[in-house]
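Welcome, and take a moment to look over the sequence and the fold below. We will then walk through a few parts of it together.

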Amino acid sequence: MTDHSHESVPSRQRRRYPGISSRAYEHPADRSALVALRRLSGFDTVFKALSGLLPERSLRLLFLSDSVRVSDAQFAHLNDMLRDACYILDLEKVPPMYVNQDPRPNAMCIGLDEPIIVVTTGLVELLDEEEMRAVVGHEVGHALSGHAVYRTILLFLTNLALKVAWIPLGNVAIMAIVTALREWFRKSELSADRAGLLVGQDIKASMRGLMKIAGGNHLHEMNVDAFLAQAEEYEKGGDLRDSVLKILNVLPRSHPFTTVRAAELKKWSETRDYQRIVDGHYPRRDEDKDTSVTDSFRESAAHYADTVRTSKDPLMKLVGDIAGGAGDLGGKLRDKFTGAAGGSGGARGGGGATTKDATDGSDGTWRRADPEEGPGAES
């Protein structure tokens, strides 16, 4: 990594956040999922073992030998964006960035000792300057939050699970950790999206980028409001069977669905928390050591409680009813699934039909593919 130069300034006037802590933009679910991951039985043992075994030097040599390293001499506009992002988020050192030949629009931030950022040619060709700036900020946010370490381990474990799948029970423990890592990483993407907005400081560009990830370079055929309406329809549509199918659809993914990410980011951009950061009131890195774990848990618990209370998803609404003492869980589940007692289940037929397009393998990120697609496909 190269020394960070504070003489670099953004190409247009943007707010800077000196000493900002990643806690300022981290999604509450991100923090709670990471804490839960660290408490998973066997995780510490696996983490310590893999930290010494993962071929990080080999990975760095691979990108150095078979990709283009971003610099003043190569992809200079990306180099400017990278320096700007590190300047705005006050990252002390600028991570190396590489452009990898791949038609899929992907990006990732990986590494154990020090993070490296990789973007594909498909991504560079798809996004305009402001959209790309948000993506670079997204990856720098991953670096500042320390996500690269866990991401690298997730990639390694996913590949390892495939190799030992033939051994009876050989991949059960590994897949348990992989599942927990994926659950955390899906939440961490929401945090990194927020970091991308803090860097790009253009919510419209962030929305455009996510739409392009979902629908390609056809902005003249797309509409932000209609795109966000898809997220609302996804959340509240269907019955309990659809809620279960949503869970099954998302489990193998390392990233949230694109419309969901767009809706989450738009919602956050309109909150007082975001405005306070913009106004310069945010947690500082030098205060991190004094942060209370208990307070973090309380904040996460409050977030989940609010999510259940306000969610339009049939399953979440049912959980809210149960928590509020509205009835017994078993009876309500039976009624909902059988359509009895006025349940919504009888209003629809063939609930599984709604998954036709949801399982096509398309990934929501700055189209980062799922880990199965190899180390060059993730963020």
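Which residues are buried in helix 9? They are Ala205, Ser206, Met207, Gly209, Leu210, Met211, Lys212 and Ile213, where buried means under 20% relative accessible area, exposed means over 50%, and partly exposed lies in between, using a 1.4 Å probe and protein chains only. Before going further, please keep in mind that this is a predicted model, in which local features need pLDDT of at least 70 and side-chain atom pairs count only at pLDDT 80 or more, while totals for chains, interfaces and linings use all residues. Residues are numbered from 1 along each chain as its sequence is written, and side-chain values use heavy atoms, with hydrogens and water left out.

Let us stay with helix 9, residues 203-215. Helices (H or I, at least four residues) and strands (E, at least two) are DSSP runs, numbered from the N terminus. At the start of helix 9, a side-chain oxygen of Asp202 comes within 3.1 Å of the backbone nitrogen of Lys204. After the helix comes Gly216, which has a positive phi near 80°.

Helix 9 has a partner in helix 6: the two pack at an angle of about 90°, with their axes 8 Å apart. Axes here are lines fitted to C-alpha atoms, for helices over the stretch in contact, and angles run from 0 to 180 degrees between N-to-C directions. The two helices are therefore roughly perpendicular, a label for angles of 65 to 115 degrees, whereas those under 35 count as roughly parallel, those over 145 as roughly antiparallel and the rest as oblique. Glu130, Glu131 and Ala134 of helix 6 meet Ala205, Ser206, Arg208, Gly209 and Lys212 of helix 9; contact means heavy atoms within 4.5 Å.

How do the strands line up? Strand 2 and strand 4 (residues 97-100) run antiparallel and are joined by 2 bridges, with Val99 as the bridge partner of Val68. Strand 4 and strand 6 run parallel, joined by 4 bridges, and Tyr98 stands opposite Val118. Strand 5 and strand 6 pair in the antiparallel sense over 4 bridges, and here Met108 stands opposite Val118. The hairpin of strand 5 and strand 6 has 5 residues between the strands, and Gly111 in it takes a positive phi near 130°.

In a regular strand the side chains alternate between the two faces of the sheet. In strand 4, Met97 and Val99 point one way and Tyr98 and Asn100 the other, and all are buried.

One last stop is Ser21, in the loop between strand 1 (2-3) and helix 1 (28-38). Ser21 is buried, with a relative accessible area of 0%. Leaving aside residues up to four places away in sequence, Ser21 touches Pro283, Arg284, Arg285 and Asp288.

How values were computed
Two strands pair if DSSP finds at least two bridges between them. The expected span of a helix is 1.5 Å times one less than its number of residues. A polar contact is a pair of N or O atoms within 3.5 Å; within protein, one must be able to donate a hydrogen and the other to accept it, and residues adjacent in sequence count only if both atoms are side-chain atoms.
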